[in-house]
Number of protein chains: 2
Amino acid sequence: MEKLSDFIAFKSISADPKFESECTDCAIWLSDYLQGFGVKTELIPTPTGKPVVYGRIGSGDTKTLIYGHYDVQPPEPIELWKTDPFVLTEREGRVYGRGAQDNKGQLWYVIQAVKARADSLKEEVIFLIEGEEESGSVGLSQILSSIKGKIKADTLLVCDTGTIDERVGALTMGLRGICHLEVQIIGPSKDLHSGVHGGVAPNPSLALVKMLGTLHDENGRIGIPGFYDSVKEPLKEELALAEKFPITEAMYHGLTGVMPFGGEKGKSIALRRGFLPTIEINGLRSGHIDEGSKTIIPSTANAKLSIRLAYDQDPKETLELVTNFLKLQTPLGLTFKIIDSCAAGRALRVPISSPAVARAKNALIKSTGVEPLYIWEGASIPVLVSLTEVSGAVPVLVGFGLEEDSIHAPNESFKITQWDKGYKFALEFFG
Amino acid sequence: MEKLSDFIAFKSISADPKFESECTDCAIWLSDYLQGFGVKTELIPTPTGKPVVYGRIGSGDTKTLIYGHYDVQPPEPIELWKTDPFVLTEREGRVYGRGAQDNKGQLWYVIQAVKARADSLKEEVIFLIEGEEESGSVGLSQILSSIKGKIKADTLLVCDTGTIDERVGALTMGLRGICHLEVQIIGPSKDLHSGVHGGVAPNPSLALVKMLGTLHDENGRIGIPGFYDSVKEPLKEELALAEKFPITEAMYHGLTGVMPFGGEKGKSIALRRGFLPTIEINGLRSGHIDEGSKTIIPSTANAKLSIRLAYDQDPKETLELVTNFLKLQTPLGLTFKIIDSCAAGRALRVPISSPAVARAKNALIKSTGVEPLYIWEGASIPVLVSLTEVSGAVPVLVGFGLEEDSIHAPNESFKITQWDKGYKFALEFFG
């Protein structure tokens with residue numbers, strides 16, 4: 001773990017403009033470090049200011065693109081940290097610090113493995129390490145098509161995920177796509193008295209709940225005609241692997257405080273999370289939201305929605321479908337307004353029979369001693385989907401993080417034995 | 001309008017505890033004033049501190065109970081007043097001041113008329129003037145049954161309403177009842193990531209909109225079985241009078257910014273406002289309500305509802321019906337919680353053929369020269385309904401306020417010619 005503490009010392013907080021120069025310094029330092037063992041590097045500027053660290057080493061018939069990020073989440077609240085977040089500190093088998101796991105720590109074992117294999121690489125290894133993952137990968141997304149030629153690869157290796165049990169390695173085989181939508185129903189020019197006007201003025205919040213209430217049918221299935229038309233459900237083999245994910249209803253309740261009874265009735269947790277789309281309300285706001293009663297007909301009613309897309313739904317088409325479905329239900333006299341609408345990205349599905357997956361699986365077995373878990377994840381990482389598309393590579397998402405690492409929170413840490421497993425995995429991967 | 005300026009000078013703001021002694025001083029002053037022309041008065045204490053001014057004058061076979069209030073709304077924002085809110089100021093045919101209309105000004109013409117008729121009253125006149133109308137009539141409501149014997153009457157005269165056109169007088173013939181309900185749907189113990197948990201964890205806001213979306217059917221009629229069972233729709237004669245209320249869809253849009261397309265389809269504005277119940281959402285709150293997107297499954301979702309009751313719905317039964325209707329739709333895994341629930345009061349319906357109404361109508365014709373309007377109001381004044389029930393009197397609600405009086409707002413005023421009409425009306429009423 002040589003030099004990781006230097007990497008951690010950079011306050012490369014991408015979300016806070018006052019750390020912009022620390023981000024650049026960190027990129028320069030990282031680029032220099034890679035050069036130190038023979039990587040030909042380049043800092044690629046982005047429109048948002050944080051450069052992308054790009055580098056190449058080795059040669060062969062195939063190429064592996066390594067994606068990672070050198071930026072970190074803000075450390076706040078600082079007072080909850082037991083030691084300085086920017087001083088890597090070892091304690092009881094763990095290293096503590098902001099970025100100790102996400103992503104500096106995990107990236108570090110990949111870099112160390114490539115360094116160890118520098119003279120024996122059987123392929124060309126390309127590094128693409130951005131500085132804005134924690135704030136939406138805006139810069140990288142904007143330059144992606146312009147660097148298309150530089151990132152063409154066969155395999156895309158990303159070590160930025162976790163596993164649920166330290167004895168087992170995990171391969172993330174899918175991510176859902178995502179769209180955002182905020183709608184507003186506009187009624188009277190100001191809040192009206194609910195007695196004088198109740199039953200006369202149309203109520204925007206009544207209209208909103210009525211339309212949102214039709215998004216799902218009685219079985220929790222999305223009720224929008226045509227919504228599932230392009231959904232590709234999993235192969236039997238994929239579903240069987242996904243359902244090996246060891247979670248029971250009781251465990252789920254223990255983790256979240258609710259039973260896993262959301263989504264479509266009669267479908268397994270693995271299917272609902274990894275392979276089916278979902279429309280969730282993220283926020284509702286209308287009228288009087290503070291304590292006590294206020295008898296008004298609100299002037300407006302807002303809802304924020306996120307739509308998680310299954311493979312192979314088109315974000316733009318799906319967003320349009322949902323928007324029109326809601327809009328068409330606007331009662332006479334009220335106005336439907338789109339406050340925000342973003343078709344952020346498609347779902348990712350890693351082909352289970354690809355050589356890249358077999359290569360990762362074998363490396364995982366050598367590193368951990370057991371068959372890995374295959375996880376089809378419900379969350380979305382739009383930049384990885386774009387990167388997969390532009391690079392033409394098969395993505396391999398492997399990580400050794402654990403829930404107790406507290407990434408994005410105070411006292412972020414990485415278990416040293418997990419770091420070692422990661423290093424072994426990467427050594428095998430490039431072996 | 002002798003002495004009205006002394007009455008206005010009291011800062012009898014019931015909502016603000018620091019004006020408690022001014023409220024008491026005002027009550028004492030008012031009691032003394034009534035005594036001055038022969039009313040036998042008494043200050044009745046209430047548990048909330050503001051005394052009720054009670055008085056009797058005259059004798060006869062019948063009794064008229066006069067209800068009014070000596071408290072006022074706070075004057076804030078003070079800086080928007082052109083003259084001191086507690087100094088009655090005449091300007092362009094109006095008197096300005098807090099309470100100039102609501103209710104000191106309107107009460108004053110009634111008092112002046114009784115004073116003028118003091119020696120020729122054909123009945124006993126009972127004054128009941130409270131000091132908490134602007135803050136929920138809490139004290140009066142609590143003592144009402146204990147003073148039952150003192151307020152038995154044939155007619156209850158309340159001059160605290162308005163008319164829509166100064167050329168016409170108005171009789172308020174009905175008020176809707178009201179219940180309040182705030183419900184909360186409780187899900188995960190904290191907000192969850194909408195990607196990781198979307199389609200797995202049940203979403204409280206999805207459950208909330210689905211249940212609220214069933215409150216009304218496609219025609220805007222309340223969809224709760226049994227909800228309308230005890231609703232007494234108007235007599236043909238009542239509806240015909242109610243529909244004389246001169247408002248067009250275009251006028252309504254001009255006033256509110258929306259067309260009057262709420263409530264049940266195919267029913268007139270007068271029917272929907274005055275005679276039919278309504279369930280309105282007053283507020284919705286769940287999850288992320290600030291700007292931007294935050295992809296969460298909210299831990300909770302809240303809705304505030306007001307139910308306006310038609311004659312002769314029982315508030316408690318109706319509230320239970322609505323609550324159970326919603327509660328029974330709670331999806332497995334989520335919790336339905338009642339945050340606030342109040343069966344505040346029944347609807348009031350004044351019998352159109354009662355002698356009290358005929359007496360008020362005749363007095364209005366003599367005062368204004370034209371037939372009055374009959375208004376079945378959509379709002380609720382629970383204390384008047386209780387007062388009607390306890391006193392056994394037929395309520396007569398007549399007022400000369402106009403929209404431009406800006407009651408509850410800065411620069412409240414009362415048009416002097418309207419005050420004169422009120423005085424003439426009351427003189428005729430007690431003539």
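**Exercise 1. Find the strand pairing that crosses between the chains, and say in which sense it runs.**

Start with strand β11 (residues 278-287) of chain A: it pairs with β11(B) in the antiparallel sense, over five bridges. Two strands count as paired if DSSP finds at least two bridges between them. Strands here are DSSP runs (E, at least two residues) and helices are runs of H or I with at least four residues, both numbered from the N terminus. Now pick one bridge: the partner of A:G287 in β11(B) is B:G283.

A quick word on what you're looking at. This is a predicted model, where local features need pLDDT of at least 70 and side-chain atom pairs count only at pLDDT 80 or more, while totals for chains, interfaces and linings use all residues. Residues are numbered from 1 along each chain as its sequence is written, and chains are lettered from A and ligands numbered from 1 in the order in which they are written.

**Exercise 2. Work out how confident the predictor is.**

Take chain A by itself: its pLDDT (the predictor's confidence in each residue, from 0 to 100) averages 96, and 100% of the residues score at least 70. Then take the complex, which gets an ipTM of 0.91 and a pTM of 0.91.

**Exercise 3. Describe the side of chain B that touches chain A.**

Step one is to count: 64 residues of chain B and 64 residues of chain A take part in the contact. Being in contact means that the C-beta atoms, placed from the backbone, lie within 7 Å.

Step two is to see which elements contribute. Those of chain B giving two or more residues include α5 (204-212), α8 (269-274) and β13 (300-309). The biggest giver is β11(B), with nine residues.

Step three is to sort by class: this side has 25 nonpolar, 29 polar and ten charged residues. For this sorting, Ala, Val, Leu, Ile, Met, Phe, Trp, Tyr, Cys and Pro are nonpolar, Asp, Glu, Lys and Arg are charged, and the others, Gly among them, are polar.

**Exercise 4. Which rotation superposes chain B on chain A?**

You need 180 degrees, with 0.1 Å of shift along the axis, and the RMSD is 0.1 Å. The two copies are therefore related as by a two-fold rotation axis.

**Exercise 5. Draw the open sheet of three strands in chain A.**

From one strand to the next, the twist averages 25 degrees.

β4(A) and strand β5 (residues 94-96) of chain A share three bridges, and A:R91 stands opposite A:R94. Axes are lines fitted to C-alpha atoms (for helices, over the stretch in contact), and angles run from 0 to 180 degrees between N-to-C directions.

Technical notes
Two residues are in contact if their C-beta atoms, placed from the backbone, lie within 7 Å. Copies are superposed by least squares on the C-alpha atoms of residues with pLDDT of at least 70 in both.
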